[in-house]
Every structure is written in structure tokens, then in C-alpha cells.
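Subject: Handover of a protein structure

Dear colleague,

Please find below the structure that I am handing over to you, together with its sequence. My findings follow it, and I would ask you to read them with the structure open.

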Amino acid sequence: MKIAITSQGDAMQSPVDPRFGRAKFFLVIDSETGEFKAVDNAVNLQAAQGAGIQAGRAVAELGVKAIVTGNVGPKAFSILNAAGIQIYLGASGTVEHALRQFKEGALQSTDGANVEGHWI
């Protein structure tokens with residue numbers, strides 16, 4: 001399965017970015033093979049508003065089936081949910097650790113946002 005994990009860097013050893021819309025990178029990972037690519041989210045990192053919406057659209061275009069992150073706001077949740085992407089919250093540690101948690105079923109999918117809009 002193709003998943004995306006929010007990251008503060010472009011490597012598997014990078015810390016998970018707790019923010020979805022303003023994450024520095026999305027690491028798009030094939031959960032079966034472990035192959036990944038880093039997708040820069042700089043365009044949304046400094047956005048005055050709409051970062052979650054734009055990041056949600058960008059992730060949907062990557063063709064992922066799940067997103068693993070720390071937090072997600074209501075607008076980003078709506079975009080991701082409409083695209084059929086499962087959202088897993090509460091990830092922490094490194095991207096590698098979050099991937100392991102995802103594979104082991106230690107992260108729960110959510111049915112709603114866990115932060116208010118415009119959370120930075």
C-alpha cells in the first residue's frame with residue numbers, strides 16, 4: 001500500500017512532522033517494499049491560509065491510500081476524506097518508527113479532525 005507520512009526531513013530517520021498542512025515533507029512510502037520518495041511541501045509551509053486544503057489536494061494527487069501524521073485540521077480532513085484517504089493520527093518519533101507503528105496496527109484511523117483550523 002502506498003502511504004504518506006508527514007516529515008521534518010527527507011529521510012526515513014527524520015522526525016515525524018506533527019503538522020499535516022504545514023509539514024516540511026511528505027514521505028511517500030510503499031509499505032510492502034519500503035521504497036520511498038520525499039515530496040517537498042515548502043509551498044504550503046509558509047502559506048498565509050489554506051495550507052491544509054492545498055496539502056490535502058497534493059497528497060490526494062500522489063495516489064496514497066493513507067496518511068500518517070500527528071494532527072489534522074477540519075479542512076484538510078474533509079479533502080483527504082473525500083479522496084478516500086485513511087488518516088492515522090498521533091504519530092511521533094521518526095518516520096521509520098511511524099511506519100513500523102502503522103504496519104503493526106498501533107495507530108488508529110480517525111473519523112474527524114483533532115485540531116481547530118489555522119493551527120500552526
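A salt bridge is a side-chain nitrogen of Lys or Arg within 4 Å of a carboxyl oxygen of Asp or Glu. Please note also that the model is a predicted one. Asp17 and Arg19 form a salt bridge, in which the closest N and O atoms are 3.0 Å apart. That distance is within the 4 Å limit, so the pair qualifies. In general, side chains of opposite charge can pair when their charged atoms come close. Asp17 has a relative accessibility of 1% and counts as buried, while Arg19 is partly exposed, with a relative accessible area of 23%.

The chain as a whole

The chain contains four helices and five strands. Starting from the N terminus, its elements follow one another as β-β-β-α-α-β-α-β-α. The radius of gyration is 12 Å, close to the 14 Å that the globule rule gives for 120 residues, so the chain is as compact as a globular protein of that length. The C-alpha trace spans about 35 × 25 × 25 Å along the principal axes. Of the 120 residues, 45% count as buried. Among contacts with a separation of 6 or more, 51% come from residues 24 or more positions apart.

The sheet

In what order do the strands of the sheet stand? The five strands form an open sheet in the order β3-β2-β1-β4-β5, and the pairing is mixed. At the edges stand β3 (36–40) and β5 (86–88); each has a single partner strand, so one side of each is left without a neighbour in the sheet. From one strand to the next, the twist averages 20°. Strand β4 (residues 66–68) pairs with β5 in the parallel sense, over three bridges. Val68 stands opposite Tyr88 in β5.

A buried residue in a loop

Ser14 lies in the loop between β1 (2–7) and β2 (25–30). Is Ser14 buried or exposed? Its relative accessible area is 9%, which is under the 20% limit, so Ser14 is buried. Apart from its neighbours within four places in sequence, Ser14 is in contact with Ser7, Gly9, Gly93, Thr94 and Val95.

In helix α2 (residues 51–61), the buried residues are Ala51, Gly52, Ala55, Gly56 and Val59. Seen down the axis of α2, they fall within an arc of 125°, so they line one face of the helix. After α2 comes Gly63, whose phi is positive, near 75°.

Helix α3 (residues 74–82) has Ala76, Phe77 and Leu80 as its buried residues. Seen down the axis of α3, these fall within an arc of 100°, so they too line one face of their helix. Lys75 and Ala82, on the other side of α3, are exposed. What covers the buried residues of α3? The cover includes α2, β4 and β5. Gly84 follows α3, and its phi is positive, near 75°.

Yours sincerely,

A colleague

Technical notes: Residues are numbered from 1 along each chain as its sequence is written. This is a predicted model: local features need pLDDT of at least 70, side-chain atom pairs count only at pLDDT 80 or more; totals for chains, interfaces and linings use all residues. Side-chain values use heavy atoms; hydrogens and water are left out. Two strands pair if DSSP finds at least two bridges between them. Helices (H or I, at least four residues) and strands (E, at least two) are DSSP runs, numbered from the N terminus. Axes are lines fitted to C-alpha atoms, for helices over the stretch in contact, and angles run from 0 to 180 degrees between N-to-C directions. Buried means under 20% relative accessible area, exposed over 50%, partly exposed in between (1.4 Å probe, protein chains only). Contact means heavy atoms within 4.5 Å. The arc is that of the directions from the helix axis to the C-beta atoms. The radius of gyration is taken over C-alpha atoms; the globule rule is 2.2 Å times the number of residues to the power 0.38.
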